[in-house]
Every structure is written in C-alpha cells, then in structure tokens.
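Me: Hi! Could you walk me through a few local details of this one?

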Amino acid sequence: MSTRTYRDSDLVDFAIVGSGAAGGVIARELAQAGHSVVLFERGPRHTPGSFEHDELKYYFLDGLTNSARTTPQSFRADPAVDAQPITSGLLPAWYAQTVGGSTTHFTANFWRFREIDFRERSVLGPIAGTAFADWPISYAELEPYYTKVDWEIGVSGLAGACPDDPPRSKPYPMPPLPVKSSGVLLERGARKLGLHPFPAPMAIASVPYRNRGGCIHCGFCIGFGCEATAKSSTLYTVIPEAEATGRCEVRAHSYVFRVPTNDAGRVTGVHYFDAERRERFQKARAVVLSANGAETARLLLASESARFPNGLANSSGCVGKHLMFNSYSQVEAEFEHELNEYKSVQVTRIVHDFYDSDPKRGHYGGGGIDGRIGPIPIVWALERPPGEPRWGQAYKDRLKAFRRTMMSTQHGTSLPLETNSVSLDPHLKDAWGQPCIRVTYRDHPDDLANARFLQARADEILQAAGARRTLRFPVIPATNAPHLLGTCRMGNDPATSVVDRHHRSHDVRNLFICDGSSFVTSGRGQPTMTIQALAFRAGEHIARFARANDI
Amino acid sequence: MHTRRGFLGNIGAAGLGAAWWAAHAPAIAAAAGHAHAGMAAMAAGAPPPQLTTLSADEARDLDELTSRIVPSGDDGPGAHEAGVVYFIDRAFGSFFAEMRAPILKDLGALPRPFPDFATLEATPLFAQLHFLTVLGLLADPSWGGNRNELGWRLLGFENTHAYAPPFGWYDRDYPGFAP
C-alpha cells in the first residue's frame, strides 16, 4: 500500500513512532515538506472493507486494540504497593493498535480547548499537592492549527452555535450531523434550565468530503472502524496524503522497543521488532515519538542508557508522570417513546455551560455534558450498575427498554499529580520480552467531585427533558482510560517539563515528542482535536528545524 | 472516545488476546461457518447443532441457569430460544476456551437444585454466566448464538447497515437548530 519503501540501512530523515492522531499528521507535514519518513505502527493496517459490525470481536477479542494477553499491564491506585498484573480484560491504558491508531475507533468528539485551558493556573492560582501549571503556548497560538484540523482532517459542526466558543478564524467545513433523539432531548432539557446546548463538533463527514464518503449513520463508531470512510481517521486523511508524496513509508506490524543514543547524546534511529519478531534497526536523522501518552513514556523509560540512566529525555524526572485520564461520569435515561440511539453517530448535542471552574462549587474542575447512544447492545446489556436487576423478568424488561434509552456522559478535568504515572513494571514482560506498562492512578478528590457535579447537572437536564426514569452510574475511581495525557509535559523549564514549546525534548536535540503526553493540563475531555492541532504545529516547526539543519 | 469505564473492567476472563486470536482464527472461522450451517439447518426444521465441548448434563444445567438470567415467556423468547447454550459450547471450544474449566468446576460444585439467584448473584460464577448469556444473546449470530437474531429482536436492535434520519420519535419534527 505504501508508495515508497526504505531499507533499514537507509538514513531516513525521520522515524516517527506511532501512526495515530499525531503521528499521521506529522508524517504528512514532514513528507510534504520534502523529507524522507518511515512511520512505524505496531499494529496491522486495515482497509475500510475489513471493518465489521461485530461487538464481540472488537470489545472482547481485541480486534483493534492492545491486548492484555500479549502486552499485559499492571495497575495500582497506591504508589506504595505492588501493582496488580492485568493479564485479561480491559487494560488500564487502552488504545487502538492499528494504522490510524485510536482515530480508527474513536467516537470522534472534536472539542477545541478554550483560552482558559492554557492559562488556568495563572487565573485560578496554585492547587496544593498538584503540578497544576500553565501551558507554554496560548489558544491564540494554536488557533490556526485547530482550523487546520477542521479543514484538513474534516470536522462537522456549526460555528457560533455556542455562545462561549473560543475565537475561530474559519467556520467548519461541513454542517453538523443530523440531530438524533438524544440530541433533541438534551437540547430540550438544557434550554428549559436556561443552558446553551449546541451541535456537537464531530470528526465525521456529514457530507462527502475530500474523496471520502459521508456518514451512512450505521451507528458503529465507538470502538469500531468506519467502513464508510466518513470518520476522519488519519487512516483515511493525512496518512494516504503522506504516502502520496512518495517520501513516506508506513511500516505496519513494526514494534519500536528502544531508541538508542550515540556518544554525542543524539538519537540514531529506532530498534524494532518486525512482523516475524526479528530485531531490526532503522537509521534516522531524527526521531519523533507519537505512540500515545502511555507508550511514548514507556519507550523513553525503556531506552535508558549510561548517559540517560533514568530513561531517555528524562533529566527532569517527569517522563511518565502527571498522567491524566479526564474525569468521567454517566447518567442513563429512559423515555416514553423510541429514540433508537443505535442509529447514527454517538453524539449530536453537547452542553458546555459548566466548562469553566467555579470556586463556588467547592472544588476545582469543569467539563462538558453530552447526549448520546446508550451504548451498543452487548455493552449496554452487560453494564448494569450495582442495584440494577441483572437476571430474571426485571432484567429482561430492562433489555426491552433499549430503544427508549439514552445516555448522557460527562467529560471533565483531571488534575496533574506527580504520583499518577506510567512506569515500567519491575516484573512483568510482554510477549516480546519487553518491560510492561505499570499504571499508577488515583483520581484527585476534586476530579471525582467534579464528575459528580457534572453528573447531577446532566441528571437535571434529562429530567427536565421529560425522562421517565434517570439513573446515575456510580462515580468510581478510574482504573483504566483511553485518554492518556500529560506524561511528557510541555514547558519552558527543562527542570519541570520534558519537551519545549516546539515539542523538542529538552535533553536530546534530535528527539521530538508529540501526542497526548505533551499536555500540561487535561482540558475537559475529548483530547484528540488538541493532539492533532499540536501535531500540525509541531510538524511545521520540526520541518523548519530540518530545513535549518537543526535536527 | 470514552469506553465503558469500571464495570466492564470487572469482567475478568472476558478479554482474550491477539496472539490467541491469530492462532485460533482458522478454528473460529470454521466455528462461525458451522454456526451458519446450524442456523440454516434449524431454519429448515432440522435438529439443533450437536454439542462439541459440553456434556449433555452440563448443557442442560447451563441452559437452565442462563434461562433464569433471560427467561422465556409470553413477552418473547429468552436465552433458551436464542441458543445461548450452543454459543457457550462453541465459545468453550474456541474463542473463550479459557473460561471453560473454571466455569464447569464452579457449576459442578453448585448444590442441586440450584440455589436462588438472589444468593447466586454475588458469585464469580454468576458474573461469568451473565457475561456469556449476554454475548450468546446479542453477539453477531456468526459466533453461534443470537439464533435467528432473537436477542437483537428482544432489544429492538436492527441489523441494518445504514440509516437515514429521522432516527427516533423525538427527532421527527425537529425544526432545526436555532442558537
């Protein structure tokens, strides 16, 4: 499928590790700028026709995601105790392992961050016991790249629909997706309460866009690949464009396990396992890590050496730390008539009235509320909170309410804590003999309070919309997440951050890092839009450095 | 995306790996083919497919227990009619092989007649059986359950490839978004 291949012995300009949200964008930017690029992807490459509507395959047999069987992880809430190995079921750091990364299976909620997200520490002041900090860049600096994501990746939405929308230089390229019953009800309830619901910006083509088909409303977004090519995955957008330059090779089934350095303290390429698990080495002038907030940190820590004894690019000690999941809660609601939420995209309306933190609430935090599918059949039927019937006629009656049910989920802030981290498990090895990810995570009390606060607001909205019955799922401390943020935070001070404002590692001149790990704060959930805006910006800067022979 | 946090994470033996998948893909494909053939045969009035990994006693016990989770009744078929036990039989021989031994061991240790579900609900066996019942009821029929899409019909889920608005009762007369 790639239009160009390189030999391991070819000195390519860039080895990029990870073909997801950030890696795909950076590959295109660098290839279009004239550089030779190998884009490494640990998973396989799928074609649109190979995606299926099969819950069992994708949710229970790791059809697209990392697998506990081959790459277990361990988890602990308390950093003082040994972590428990997770060798089956959902992994703590859960992501799609395929060309396109998690953009193949995401829900495609594409919220921009707001101005406040980048300077919240200055506005609110410090929060004791946390590493709460400003970003080294502002919304205004990132805005042109958000717009680039809207247009180059493809986002559907309605500019100006939200009164508090951050400034934007262009409207969305596509209209919002057609509203679903969940969206109508969220909008109805929110308006009754004086709130300001608006069409959800989604990275799904509402109409045919740039040689891709428009959404066919099949309903299989969350956890599934899009056979209609409507979902704006990097698999369908920037990656083919990178290949079309004739300078980018996408190397699937290639697991990068070590980034070596030479005596000058520069990286020289990447060690990787190919599909046959043979160890290979690709020479490169510079390396870009975009493997996600868990794997990027793992790779740096696993690349320790005499010169970098605490892990590569880790003189600050920050690699792997300040992991943020985004706080999360959900409310289910049952209505009189059929909603049929299994049809079409997952979310069509959202409420951002509680985006900003407000000291009057008694805790730090803010977030967004959506109305959505209450999810696909198997997950919905399995996921009954404690106290709800799980057998007998009462359970069967619940199952029969499927078409009349919707969910609202709440997405919010997570505070950066030094103790929440990705590190190398001291005992656990994966099927390739490499050290496994150990996740240490305990939500800050404010994050849980924020999740409960947003959940109560969502419950009020759904009741105002006329729900017959609402059900708050217990807000429990997170033990796993698909949002993996903050582990190589961006900053101006090399003592307290891993990468600079251009995503160059402070310690190694020709090593760049850009993905969710770059985040300084968590935003209010839905991080992919910001990951991709950062990636467009990073790609532009890295290309500039390469032109100046400064890589 | 946000997947289901917490609750699904508690389903211990549910996740099986890619390596296992790769090693067993041909067997699964064969099993899926078998399932299709079985369904076609049933549709034609033929006897149900043969059990491959469960004994007749085990199958009868599992049928009884899973039918208590989703009972049959005047309001529609349940786990029994959807062929959940045949799904489990297939799963134990292929894609969830690791679940077979612990479940059958716990099943064998259950007192007869079976205890009330109010007692059973707190046990690991119930969690596993609930998991398998739901999958046997609602997974794509190619996996051996959800016979004639009875599980999907119970929910009202349609297996249609594409839809067009309006999708539900509440978005039918939506006048359009006004800021």
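This is a predicted model: local features need pLDDT of at least 70, side-chain atom pairs count only at pLDDT 80 or more; totals for chains, interfaces and linings use all residues.

Me: Great. Where is Arg349(A) found?

Reply: Arg349(A) belongs to strand S11 of chain A, residues 347-351. Helices (H or I, at least four residues) and strands (E, at least two) are DSSP runs, numbered from the N terminus.

Me: And is Arg349(A) buried or exposed?

Reply: Buried, because its relative accessibility is 4%. Buried means under 20% relative accessible area, exposed over 50%, and partly exposed in between (1.4 Å probe, protein chains only).

Me: Which side chains make polar contacts with Arg349(A)?

Reply: The side chain of Glu187(A) does, at 2.6 Å, and so does that of Tyr174(B), at 3.0 Å. A polar contact is a pair of N or O atoms within 3.5 Å; within protein, one must be able to donate a hydrogen and the other to accept it, and residues adjacent in sequence count only if both atoms are side-chain atoms.

Me: Switching to chain B: at what angle do H2 and H3 pack?

Reply: About 125°, with the axes of helix H2 (residues 56-69) and helix H3 (residues 84-93) of chain B 9 Å apart. That makes H2(B) oblique to H3(B). Axes are lines fitted to C-alpha atoms, for helices over the stretch in contact, and angles run from 0 to 180 degrees between N-to-C directions. Angles under 35 degrees count as roughly parallel, over 145 as roughly antiparallel, 65 to 115 as roughly perpendicular and the rest as oblique.

Me: How many residues of H3(B) are buried?

Reply: 9 of its 10, so H3(B) is mostly covered. Among them are Tyr86(B), Asp89(B) and Arg90(B).

Me: Now the backbone. Where are the cis peptide bonds?

Reply: One joins Arg112(B) and Pro113(B), with omega about -10°; Pro113(B) sits in the loop between helix H4 (97-109) and helix H5 (117-120) of chain B. Another runs from Pro165(B) to Pro166(B), with omega near 0°.

Me: What about phi of Asn340(A)?

Reply: Phi there is near 60°, a positive value in a residue other than glycine. Asn340(A) is buried, at 5% relative accessible area.

Methods
Residues are numbered from 1 along each chain as its sequence is written. Chains are lettered from A and ligands numbered from 1 in the order in which they are written. Side-chain values use heavy atoms; hydrogens and water are left out.
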